[in-house]
Amino acid sequence: MNFAALLRPIALLAALFLALSVGAFAQQAEETAPTASPAAAANAAATEQLIEQQTIALKRLSNEVDGLESEMHAGAQDDAKLVQVRNVLEELGIELDAVRAAFRPRVQEINERLDQIGPPPEDAATEPEALKEERAALIQEKADINAVLGEVGNLVLRVNRLVNEIAQIRRDLFASQLTKRYDITEALNSNVFADFAAEFEQLSNAIQAWLVFVFRFKLNAVLLASAASFAAAAFLLWGGRRLFRSLLFADPENAKPSYLARLSVAFWSTLLPSLALAVFLGSSYALFDYFEILRPDIAALLTTLFNVIAIVFLVNRLALAVFSPRLPNWRLVPVHTDAARKLYWLVWATSIVTGFDFIFSRVNDVLSSPLSLTVAKSLVATIIVGGLVILIASVAPFEREDGSPRRWPRLLRYPLYAIGAITIAAACLGYIGLAQFISQQVVVTGAILATMYIGHLTARAISDLGAFRNTVFGRWLDRNFETTDTLEDQLGLLFSVAINVMVLFIGIPLILLQWGFQWGDVTTWALRALREIQIGSVSFSILDVLTGILVFIIGYFVTRWFQRWLDGSVMTRGRMDAGVRNSIKTVVGYVGIAIAVLIGVSAAGIDLSSLALVAGGLSLGIGFGLQNIVSNFVSGLILLVERPFKSGDWIVAGGFSGTVKKISVRATEIETFQRQSIILPNSELINSAVGNWTHKNRLGRVDIKIGVSYDADPRTVHSLLTEIAEAHETVLKNPAPMAVFTGFGDSSLDFELRFFLADVMSQLAVQNDIRFTIYERFKQEGIEIPYPQRDLHIRSGLSPEAAPKPAAPAKKRPPSVAEPAKPKRRRKPKGHLGDE
């Protein structure tokens, strides 16, 4: 009973403690659990507004897609219209991507918040009500966004389907134009001539009516437009001749022009006149259209006429530059003169015939001529072009060593024969579209390929060793920058690559335009390539990369210009030491290039923060494999900052003595007095002793050691040496020269003459002069300069009593200065070291 009474209060206390613990735990869990953000309501409202805005935009885009689909079906036979519809659809696709991107930040925030809240617990009663409501609101908000994104995805799929459908329609349209067969028997009857006469009369009436309109109402506008266009073309041609006169005209007296000179003349003599004509024709048409001079039919005819004139003129100038019938020395291809004339006229005739075919086709379209007449004119033109191509292939342009003619290489001759034969056969079989397409490509695509080949030859010529220095830009670099032959050769290679890339970027689109593609196709592909290229998980933009390279090049040249300006205009006027100037110039150069690299990398779209990961990955390799390079680099920076020596100083380091020529961040170049260049790593100069004769100034002491005979008076010698040093004009008076009696040598009294020079670099010449003077004065004073001697004692096998006594040695004076004797070993009696 007492035990039960004792347990009852203990049980009550335990229950109370348990209740308090559970309450505290629940309170702690409620405090530590994620709570709803105060901005949750604001975010939800913003999301609703965003959904409403994007839904309206989505409806607009859907209506535009419906309209474009109707236009696609209506213009199924118009290739240009299909390209226009395709480009608009791709722009709509970009806008749809923008709609997706607008929701991306909010979806990411919702996912992160849901991860923080976590899934619902098994016991829903233990979860705070606020978290339940927030989770439900976020899930509903995400569902609303996903619904909109689903509509966006469906519309994107529809846009992609229409784009693919347009591509298929265009392929079918192009194939039908080339494979459509006409009945040429109708084009060969007598009614064709009557139709041609009627068409000519109709064309004459149209042109006459337009001319009457012009003379009555638009004469002043025509004269103004023509004068302005002619002035623009004349200014371009005159200015070009003034700037590129030496590159525009071939010199008949130059018997052996370089290939680069021939290419330059061919390029500029083709480009400048063709560009001037294009400016005249293009500005004339633009001004005619601006003053409302052109009727629709005349505008169509004039557009074709101007294009044909420009193309035929370009082909003529190009053929004249390549074959050069009148100046064989300036010919780009090694053909003999007779073949050059034939090829020039054949190529020009082919372009003229193709041009007339273009014009006749446009006239037929404008005047709605009978089909038989259209077929007849195209038939005649394509057969003539095919025959001209066969004639070009039949020319034997080259010469063998014996002087006999040699034909084109087979890889070129047989394709030309095939092109001519296929053109004629296609025309005769009624495939006029195919024959017309081939004949047009022969002229236009051939001219483009020839121009591209000339550009390639120009690039190859510039890349030759030493060729870039002889160009205009190379000579300009020589005048304005401190360039070396190696640097200019590297620039030549860079320009060669740039020219080849430019040739491809210009030539390939032009060829694609001739092969049935529209300008919209080319621009779309170019924009896709420039915006982003995806390789696996890595994407980059060519435009950003080119921008980064351009920024770095600009930064590099700005740095070099600033270095020259700082050295030539600032530090020179301050009369700074040449070594200090070189150190500052080097540091400024490295800092400027580093800044240019950082700006270029940033402009290329590369995140600089990601480079930290690369640096961390390379740190291990640097620690083991590149530690010497890093050590030299850091040592070079220390040398440039502390400046224990500078360019022009005379130093002794690493067992070498010479003048410092250049201090770079990796090594220092020293030129010895034998003109040998020594490259010392900077780490050796930091970690070992370096002697600098000209550290603070060029003042230095020179020591000359001299030995005289023991018979000479030391004080006289001391006075004489001091007098000789004081008498020399380059020896400084303060500190005064000094002769030192250094000790008693084995064969001489040892002296040392010490004196100071203002320029220690001239010590060799001064030492030479003083040694000559010492020799002459010692000779005059009778002071002897001894040579080393040794006494040799010979012991015989006899006893001292039996041995004959040696005679007293005859004392001889050491050889005088006037009569020097060669050192020799003597057998002599015992005597002191000064005797001989």
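**Close-up views of a predicted model**

**Figure 1. The whole chain.** Of the 836 residues of the protein chain, 34% count as buried (under 20% relative accessible area, with exposed over 50% and partly exposed in between; 1.4 Å probe, protein chains only). This is a predicted model, where local features need pLDDT of at least 70, side-chain atom pairs count only at pLDDT 80 or more, and totals for chains, interfaces and linings use all residues. Residues are numbered from 1 along each chain as its sequence is written, and side-chain values use heavy atoms, without hydrogens and water. The protein chain holds 23 helices and twelve strands (DSSP runs numbered from the N terminus: H or I of at least four residues for helices, E of at least two for strands).

**Figure 2. Helices α5 and α11.** Helix α5 spans residues 191-217 and helix α11 residues 371-394. They pack at an angle of about 95°, with axes 9 Å apart (lines fitted to C-alpha atoms over the stretch in contact; angles run from 0 to 180 degrees between N-to-C directions). That makes α5 roughly perpendicular to α11 (65 to 115 degrees). Val192, Asp195, Phe196 and Glu199 of α5 make the contact with Ser372, Leu373, Ala376 and Lys377 of α11 (heavy atoms within 4.5 Å).

**Figure 3. Leu510 in helix α15.** Leu510 lies in helix α15, residues 485-514. Leu510 is partly exposed, at a relative accessible area of 36%.

Definitions and conventions
Parallel < 35°, antiparallel > 145°, perpendicular 65-115°, else oblique.
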